Amino acid sequence: MLNLLITTTLAGVVGTGLGGLIGALFRRDSNRTVSLLLSFAGGVMLSVVCFDLVLGAIDAGLGIWQVVLGICAGFVIVYLLNALIDWNVNNQVPHIDENHPKTADNLDELTHANHLNQHRKNGDSSSSLFVAGVVMACAIALHNVPEGMTIGASYAGAKEQITGSALILSLLIGFHNIPEGMAVAVPLISGGMSRTRAVLLTALSGVPTIIGAVLGYWLGDIGALGLVLSLSFASGAMLYVVFGEILPQAILMYRSKLPAFAIMVGMLVGLLMIYT
(Lines give C-alpha, C1' and ligand atoms only; values in the text may rest on other atoms or scores of the structure.)
Protein backbone atom coordinates (compact mmCIF):
# COMPACT_ATOMS: atom_id res chain seq x y z
CA MET A 1 0.00 0.00 0.00
CA LEU A 2 2.89 2.38 0.75
CA ASN A 3 4.29 1.85 -2.75
CA LEU A 4 0.87 2.61 -4.19
CA LEU A 5 0.50 5.84 -2.21
CA ILE A 6 3.97 7.06 -3.18
CA THR A 7 3.49 6.26 -6.86
CA THR A 8 0.03 7.82 -7.00
CA THR A 9 1.21 10.95 -5.20
CA LEU A 10 3.93 11.40 -7.80
CA ALA A 11 1.49 10.85 -10.68
CA GLY A 12 -1.34 12.92 -9.23
CA VAL A 13 -0.03 15.65 -6.95
CA VAL A 14 3.43 16.14 -8.47
CA GLY A 15 2.24 15.75 -12.08
CA THR A 16 -0.62 18.21 -11.63
CA GLY A 17 1.54 20.57 -9.60
CA LEU A 18 4.20 20.56 -12.32
CA GLY A 19 1.53 21.53 -14.83
CA GLY A 20 0.44 24.33 -12.51
CA LEU A 21 4.03 25.57 -12.26
CA ILE A 22 4.40 25.58 -16.05
CA GLY A 23 1.11 27.46 -16.33
CA ALA A 24 2.27 30.00 -13.75
CA LEU A 25 5.43 30.68 -15.74
CA PHE A 26 3.48 31.46 -18.91
CA ARG A 27 3.44 35.18 -19.64
CA ARG A 28 0.03 34.87 -21.26
CA ASP A 29 -2.65 32.30 -21.89
CA SER A 30 -1.88 30.51 -25.16
CA ASN A 31 -4.97 28.70 -26.40
CA ARG A 32 -3.00 26.98 -29.14
CA THR A 33 -0.37 25.59 -26.76
CA VAL A 34 -2.87 24.37 -24.19
CA SER A 35 -5.11 22.91 -26.91
CA LEU A 36 -2.28 20.83 -28.35
CA LEU A 37 -1.13 19.70 -24.89
CA LEU A 38 -4.66 18.66 -23.95
CA SER A 39 -5.01 16.79 -27.25
CA PHE A 40 -1.71 15.03 -26.63
CA ALA A 41 -2.84 14.11 -23.10
CA GLY A 42 -6.14 12.82 -24.48
CA GLY A 43 -4.24 10.60 -26.91
CA VAL A 44 -2.10 9.23 -24.08
CA MET A 45 -5.19 8.37 -22.05
CA LEU A 46 -6.80 6.68 -25.04
CA SER A 47 -3.75 4.41 -25.29
CA VAL A 48 -3.95 3.66 -21.58
CA VAL A 49 -7.63 2.75 -21.87
CA CYS A 50 -7.51 0.79 -25.13
CA PHE A 51 -4.17 -0.98 -24.82
CA ASP A 52 -3.92 -1.53 -21.06
CA LEU A 53 -7.04 -1.09 -18.93
CA VAL A 54 -9.66 -2.73 -21.14
CA LEU A 55 -7.32 -5.60 -21.99
CA GLY A 56 -6.63 -6.09 -18.28
CA ALA A 57 -10.35 -6.22 -17.55
CA ILE A 58 -10.90 -8.76 -20.33
CA ASP A 59 -7.99 -10.90 -19.12
CA ALA A 60 -9.67 -11.24 -15.72
CA GLY A 61 -11.80 -13.86 -17.44
CA LEU A 62 -15.32 -12.96 -16.35
CA GLY A 63 -16.65 -12.33 -19.84
CA ILE A 64 -16.86 -9.44 -22.24
CA TRP A 65 -20.34 -8.29 -21.21
CA GLN A 66 -19.22 -7.44 -17.69
CA VAL A 67 -16.46 -5.29 -19.19
CA VAL A 68 -18.86 -3.58 -21.60
CA LEU A 69 -21.39 -2.86 -18.84
CA GLY A 70 -18.65 -1.49 -16.56
CA ILE A 71 -17.39 0.83 -19.31
CA CYS A 72 -20.92 2.06 -20.01
CA ALA A 73 -21.55 2.62 -16.31
CA GLY A 74 -18.37 4.66 -15.89
CA PHE A 75 -19.12 6.74 -18.98
CA VAL A 76 -22.74 7.48 -18.08
CA ILE A 77 -22.19 8.18 -14.38
CA VAL A 78 -19.37 10.68 -14.98
CA TYR A 79 -21.41 12.30 -17.77
CA LEU A 80 -24.42 12.71 -15.47
CA LEU A 81 -22.31 14.11 -12.62
CA ASN A 82 -20.67 16.61 -14.98
CA ALA A 83 -24.07 17.56 -16.43
CA LEU A 84 -25.36 18.13 -12.89
CA ILE A 85 -22.47 20.47 -12.10
CA ASP A 86 -22.94 22.35 -15.40
CA TRP A 87 -26.68 22.72 -14.83
CA ASN A 88 -26.14 24.23 -11.40
CA VAL A 89 -23.35 26.70 -12.19
CA ASN A 90 -23.40 27.67 -15.88
CA ASN A 91 -26.37 30.02 -15.38
CA GLN A 92 -24.25 32.00 -12.92
CA VAL A 93 -21.62 32.87 -15.55
CA PRO A 94 -22.82 35.68 -17.87
CA HIS A 95 -21.06 34.61 -21.06
CA ILE A 96 -22.56 31.12 -20.99
CA ASP A 97 -25.94 31.51 -22.70
CA GLU A 98 -28.05 29.85 -25.38
CA ASN A 99 -25.43 30.74 -28.00
CA HIS A 100 -22.58 29.10 -26.11
CA PRO A 101 -21.33 25.67 -27.28
CA LYS A 102 -22.71 22.82 -25.20
CA THR A 103 -19.23 22.11 -23.92
CA ALA A 104 -16.27 24.09 -22.61
CA ASP A 105 -14.62 26.32 -25.20
CA ASN A 106 -12.12 28.10 -22.97
CA LEU A 107 -9.50 27.03 -20.49
CA ASP A 108 -11.31 28.26 -17.39
CA GLU A 109 -14.50 26.36 -18.19
CA LEU A 110 -13.00 22.86 -18.03
CA THR A 111 -12.62 22.96 -14.24
CA HIS A 112 -15.27 25.66 -13.62
CA ALA A 113 -12.63 28.16 -12.55
CA ASN A 114 -14.77 30.69 -14.44
CA HIS A 115 -17.52 30.17 -11.85
CA LEU A 116 -15.09 30.83 -8.98
CA ASN A 117 -13.60 33.88 -10.70
CA GLN A 118 -17.06 35.31 -11.37
CA HIS A 119 -17.89 35.20 -7.65
CA ARG A 120 -14.57 36.84 -6.85
CA LYS A 121 -15.19 39.53 -9.47
CA ASN A 122 -18.62 40.24 -7.97
CA GLY A 123 -17.16 40.54 -4.47
CA ASP A 124 -19.54 37.86 -3.20
CA SER A 125 -19.54 36.49 0.33
CA SER A 126 -16.96 34.01 1.59
CA SER A 127 -19.65 31.31 1.69
CA SER A 128 -20.31 31.81 -2.04
CA LEU A 129 -16.60 31.58 -2.76
CA PHE A 130 -16.41 28.40 -0.67
CA VAL A 131 -19.27 26.79 -2.60
CA ALA A 132 -17.66 27.78 -5.90
CA GLY A 133 -14.39 26.26 -4.69
CA VAL A 134 -16.18 23.03 -3.78
CA VAL A 135 -17.76 22.91 -7.25
CA MET A 136 -14.35 23.34 -8.83
CA ALA A 137 -12.89 20.61 -6.60
CA CYS A 138 -15.71 18.23 -7.57
CA ALA A 139 -15.15 18.90 -11.28
CA ILE A 140 -11.45 18.13 -10.90
CA ALA A 141 -12.16 15.02 -8.81
CA LEU A 142 -14.34 13.62 -11.60
CA HIS A 143 -11.21 13.65 -13.77
CA ASN A 144 -8.69 12.43 -11.21
CA VAL A 145 -10.51 9.73 -9.23
CA PRO A 146 -10.84 7.34 -12.23
CA GLU A 147 -7.16 7.83 -13.03
CA GLY A 148 -6.26 6.83 -9.49
CA MET A 149 -8.56 3.81 -9.69
CA THR A 150 -6.56 2.45 -12.61
CA ILE A 151 -3.29 2.70 -10.68
CA GLY A 152 -4.85 1.09 -7.60
CA ALA A 153 -6.35 -1.77 -9.58
CA SER A 154 -3.01 -2.31 -11.33
CA TYR A 155 -1.26 -2.66 -7.98
CA ALA A 156 -3.98 -4.98 -6.66
CA GLY A 157 -3.61 -7.22 -9.69
CA ALA A 158 0.16 -7.37 -9.09
CA LYS A 159 -0.31 -8.16 -5.37
CA GLU A 160 1.27 -4.89 -4.21
CA GLN A 161 4.48 -5.51 -6.14
CA ILE A 162 5.95 -2.68 -8.16
CA THR A 163 5.71 -3.94 -11.74
CA GLY A 164 6.82 -2.35 -14.96
CA SER A 165 3.20 -2.10 -16.08
CA ALA A 166 2.14 -0.28 -12.91
CA LEU A 167 5.05 2.15 -13.15
CA ILE A 168 4.42 2.88 -16.84
CA LEU A 169 0.74 3.45 -16.11
CA SER A 170 1.60 5.87 -13.31
CA LEU A 171 4.10 7.69 -15.52
CA LEU A 172 1.57 8.05 -18.34
CA ILE A 173 -1.06 9.42 -15.97
CA GLY A 174 1.54 11.81 -14.58
CA PHE A 175 2.21 13.09 -18.13
CA HIS A 176 -1.51 13.41 -18.69
CA ASN A 177 -1.89 15.49 -15.51
CA ILE A 178 0.60 18.17 -16.61
CA PRO A 179 -1.72 19.93 -19.11
CA GLU A 180 -4.63 19.41 -16.70
CA GLY A 181 -2.57 21.20 -14.06
CA MET A 182 -2.13 24.06 -16.49
CA ALA A 183 -5.89 24.06 -17.05
CA VAL A 184 -6.35 24.59 -13.30
CA ALA A 185 -3.61 27.14 -12.63
CA VAL A 186 -3.86 29.50 -15.61
CA PRO A 187 -7.50 30.57 -15.01
CA LEU A 188 -6.85 31.05 -11.28
CA ILE A 189 -3.92 33.34 -12.00
CA SER A 190 -5.91 35.17 -14.68
CA GLY A 191 -8.63 35.71 -12.09
CA GLY A 192 -6.22 37.51 -9.77
CA MET A 193 -4.85 34.74 -7.55
CA SER A 194 -1.13 34.87 -6.74
CA ARG A 195 1.06 32.48 -8.71
CA THR A 196 2.34 30.73 -5.58
CA ARG A 197 -1.11 30.11 -4.20
CA ALA A 198 -2.42 28.97 -7.59
CA VAL A 199 0.41 26.43 -7.96
CA LEU A 200 -0.19 25.08 -4.43
CA LEU A 201 -3.92 24.74 -5.02
CA THR A 202 -3.23 23.07 -8.35
CA ALA A 203 -0.96 20.51 -6.69
CA LEU A 204 -3.63 19.84 -4.06
CA SER A 205 -6.14 19.24 -6.85
CA GLY A 206 -4.22 16.03 -7.56
CA VAL A 207 -5.18 14.56 -4.16
CA PRO A 208 -8.36 12.90 -5.55
CA THR A 209 -6.04 10.69 -7.59
CA ILE A 210 -4.82 9.17 -4.30
CA ILE A 211 -8.41 8.64 -3.14
CA GLY A 212 -9.20 6.90 -6.42
CA ALA A 213 -6.09 4.72 -6.08
CA VAL A 214 -7.17 3.48 -2.65
CA LEU A 215 -10.67 2.76 -3.99
CA GLY A 216 -9.31 0.97 -7.05
CA TYR A 217 -6.93 -1.10 -4.92
CA TRP A 218 -9.72 -2.07 -2.55
CA LEU A 219 -12.02 -3.13 -5.40
CA GLY A 220 -9.26 -4.97 -7.25
CA ASP A 221 -8.20 -6.81 -4.10
CA ILE A 222 -11.61 -8.41 -3.47
CA GLY A 223 -11.35 -10.68 -6.48
CA ALA A 224 -11.74 -10.91 -10.25
CA LEU A 225 -15.14 -9.21 -10.23
CA GLY A 226 -13.77 -6.24 -8.30
CA LEU A 227 -10.80 -5.97 -10.65
CA VAL A 228 -13.09 -5.96 -13.71
CA LEU A 229 -15.37 -3.36 -12.12
CA SER A 230 -12.48 -1.10 -11.20
CA LEU A 231 -10.70 -1.27 -14.56
CA SER A 232 -13.81 -1.09 -16.75
CA PHE A 233 -15.53 1.66 -14.74
CA ALA A 234 -12.36 3.77 -14.78
CA SER A 235 -12.01 3.13 -18.53
CA GLY A 236 -15.54 4.37 -19.21
CA ALA A 237 -15.05 7.41 -17.00
CA MET A 238 -11.84 8.36 -18.77
CA LEU A 239 -13.39 7.80 -22.19
CA TYR A 240 -16.05 10.35 -21.29
CA VAL A 241 -13.43 12.82 -20.02
CA VAL A 242 -11.45 12.44 -23.26
CA PHE A 243 -14.29 12.44 -25.81
CA GLY A 244 -16.84 14.50 -23.89
CA GLU A 245 -14.61 17.22 -22.47
CA ILE A 246 -10.92 17.36 -23.34
CA LEU A 247 -11.06 16.84 -27.11
CA PRO A 248 -14.11 19.03 -27.82
CA GLN A 249 -12.56 21.81 -25.77
CA ALA A 250 -9.16 21.42 -27.44
CA ILE A 251 -10.75 21.73 -30.88
CA LEU A 252 -12.86 24.75 -29.90
CA MET A 253 -9.83 26.47 -28.35
CA TYR A 254 -7.72 26.01 -31.49
CA ARG A 255 -9.82 25.54 -34.63
CA SER A 256 -7.35 23.57 -36.67
CA LYS A 257 -6.50 20.04 -37.74
CA LEU A 258 -3.38 20.08 -35.55
CA PRO A 259 -5.18 18.76 -32.43
CA ALA A 260 -5.91 15.58 -34.42
CA PHE A 261 -2.16 15.12 -35.02
CA ALA A 262 -1.46 15.80 -31.34
CA ILE A 263 -3.98 13.09 -30.38
CA MET A 264 -2.27 10.61 -32.70
CA VAL A 265 1.18 11.47 -31.31
CA GLY A 266 -0.15 11.03 -27.76
CA MET A 267 -1.61 7.63 -28.63
CA LEU A 268 1.64 6.47 -30.22
CA VAL A 269 3.72 7.68 -27.26
CA GLY A 270 1.38 5.85 -24.89
CA LEU A 271 1.52 2.69 -27.02
CA LEU A 272 5.32 2.74 -27.13
CA MET A 273 5.61 3.24 -23.37
CA ILE A 274 3.16 0.43 -22.62
CA TYR A 275 4.80 -2.14 -24.88
CA THR A 276 8.52 -1.27 -24.70
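Start by selecting the lining of the largest cavity: by class, this lining has five nonpolar, seven polar and one charged residues. In this sorting, Ala, Val, Leu, Ile, Met, Phe, Trp, Tyr, Cys and Pro count as nonpolar, Asp, Glu, Lys and Arg as charged, and the others, Gly among them, as polar.

Before going on, please note that this is a predicted model, in which local features need pLDDT of at least 70 and side-chain atom pairs count only at pLDDT 80 or more, while totals for chains, interfaces and linings use all residues. Residues are numbered from 1 along each chain as its sequence is written, and side-chain values use heavy atoms, with hydrogens and water left out.

**Stop 1: the cavity**

The space here is about 90 Å³. To centre your view, pick Thr111, Ile140, His143, Glu180 and Val184, the closest to the cavity's centre among its 13 lining residues. Next, colour α6 (126–157) and α7 (164–190), the elements that give two or more residues to this lining. α7 gives the most, with five residues. Helices are DSSP runs (H or I, at least four residues), numbered from the N terminus.

How is a cavity told from a pocket? On a 1 Å grid over the protein atoms alone, a cavity is a set of points where a 1.4 Å probe fits but cannot get out, whereas a pocket is an open set with protein on both sides within 12 Å along at least five of seven lines; lining residues have an atom within 4 Å of a point. Grid points are joined across faces, edges and corners, and a volume is the space filled by probe spheres set on the points. The count comes to one cavity of 30 Å³ or more.

**Stop 2: the largest pocket**

Two or more lining residues come from each of α3 (64–89), α4 (107–110), α6 and α10, and α3 has the largest share, five residues. Coloured by class, the lining shows nine nonpolar, nine polar and six charged residues.

**Stop 3: the second largest pocket**

Move to Leu116, Gly133, Met136, Ala137 and Leu201, which lie nearest the centre of the second largest pocket, lined by 18 residues. It holds about 450 Å³ of space. α6 gives the most to this lining, with seven residues. By class, the lining divides into 14 nonpolar, two polar and two charged.

**Stop 4**

**Stop 5: Ser230**

In helix α10 (residues 224–253), find Ser230. Ser230 is buried, with a relative accessible area of 0%. Leaving out residues up to four places away in sequence, Ser230 touches Met149, Ala153, Gly216 and Leu219, where contact means heavy atoms within 4.5 Å.

**Stop 6: the cysteines**

How many disulfides are there? The count comes to zero, with a disulfide taken as a pair of cysteine sulfur atoms within 2.5 Å. Cys50 is in no disulfide, and the nearest cysteine sulfur, that of Cys72, is 14 Å away. Cys50 is partly exposed at 38% relative accessible area. Finish at Cys138, also partly exposed, at 37% relative accessibility.

Conventions: Buried means under 20% relative accessible area, exposed over 50%, partly exposed in between (1.4 Å probe, protein chains only).
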